[in-house]
Amino acid sequence: MLYSELKKTEKKEWCQHFITFTIEQLPILIASKDNWKPELNEVTKEALELINAFPIAQAFVKESLYYEDYARRISAMNHYFDQIKIDLADDLKAITETDTEKNKVGRPP
């Protein structure tokens, strides 16, 4: 399903998953592109599933899943992640701001 077709709550969940994946898993994939291990295939498929929500990446995802040459495609996949971050800057910023709001300290008004 495309990101643009998601409901507001689904978009928030997708964005949270995207942020978590970008912080925790994507650096592992990028670091291991020269020393590829078969267990990284599942993580790569998860990454492809994430970026498949955007039309700009759908042809790339389809081709990647067909050929299954994931180690060769990490740099290109990282490019799509960067492009999606730019496209979703406002949505991602709204998610991180609401999650990190601080309680006010001091006397009540």
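A word on the model before we start: it is a predicted one, where local features need pLDDT of at least 70, side-chain atom pairs count only at pLDDT 80 or more, and totals for chains, interfaces and linings use all residues. Residues are numbered from 1 along each chain as its sequence is written, and side-chain values use heavy atoms, with hydrogens and water left out.

Let's begin with the helices. Two packed helices are described by the angle between their axes and the distance between the axes. Here, H3 (residues 40–51) packs against H4 (residues 55–67) at an angle of about 155°, and their axes are 9 Å apart. That angle makes H3 roughly antiparallel to H4. (Angles under 35 degrees count as roughly parallel, over 145 as roughly antiparallel, 65 to 115 as roughly perpendicular and the rest as oblique; axes are lines fitted to C-alpha atoms, over the stretch in contact for helices, and angles run from 0 to 180 degrees between N-to-C directions.) Helices themselves are DSSP runs of H or I with at least four residues, numbered from the N terminus.

Which residues make the contact? From H3 come Lys45, Leu48 and Ile51, and from H4 come Ala57, Phe60, Val61, Ser64 and Leu65, where contact means heavy atoms within 4.5 Å. Sorted by class, that gives 6 nonpolar, 1 polar and 1 charged residues. (Ala, Val, Leu, Ile, Met, Phe, Trp, Tyr, Cys and Pro count as nonpolar, Asp, Glu, Lys and Arg as charged, and the others, Gly among them, as polar.)

Now for the salt bridges. The whole structure has 5 of them, each a side-chain nitrogen of Lys or Arg within 4 Å of a carboxyl oxygen of Asp or Glu. One of these pairs arginine 73 with glutamate 63, with the closest N and O atoms 3.2 Å apart. Arginine 73 sits in the loop between H4 and helix H5 (74–87), while glutamate 63 is in helix H4, 10 residues apart. Arginine 73 is buried at 12% relative accessible area, whereas glutamate 63 is partly exposed at 41%. (Buried means under 20%, exposed over 50%, and partly exposed in between, with a 1.4 Å probe and protein chains only.)

Arginine 73 also bridges to aspartate 69, at 2.5 Å between the closest N and O atoms. Aspartate 69 is buried at 17%. Aspartate 69 forms a salt bridge with arginine 72 as well, at 2.7 Å from N to O, and arginine 72 is exposed at 70%. Through shared partners, Glu63, Asp69, Arg72 and Arg73 are joined into one network.

How values were computed. Helix = DSSP H or I, 4+ residues; strand = E, 2+ residues; numbered from the N terminus.
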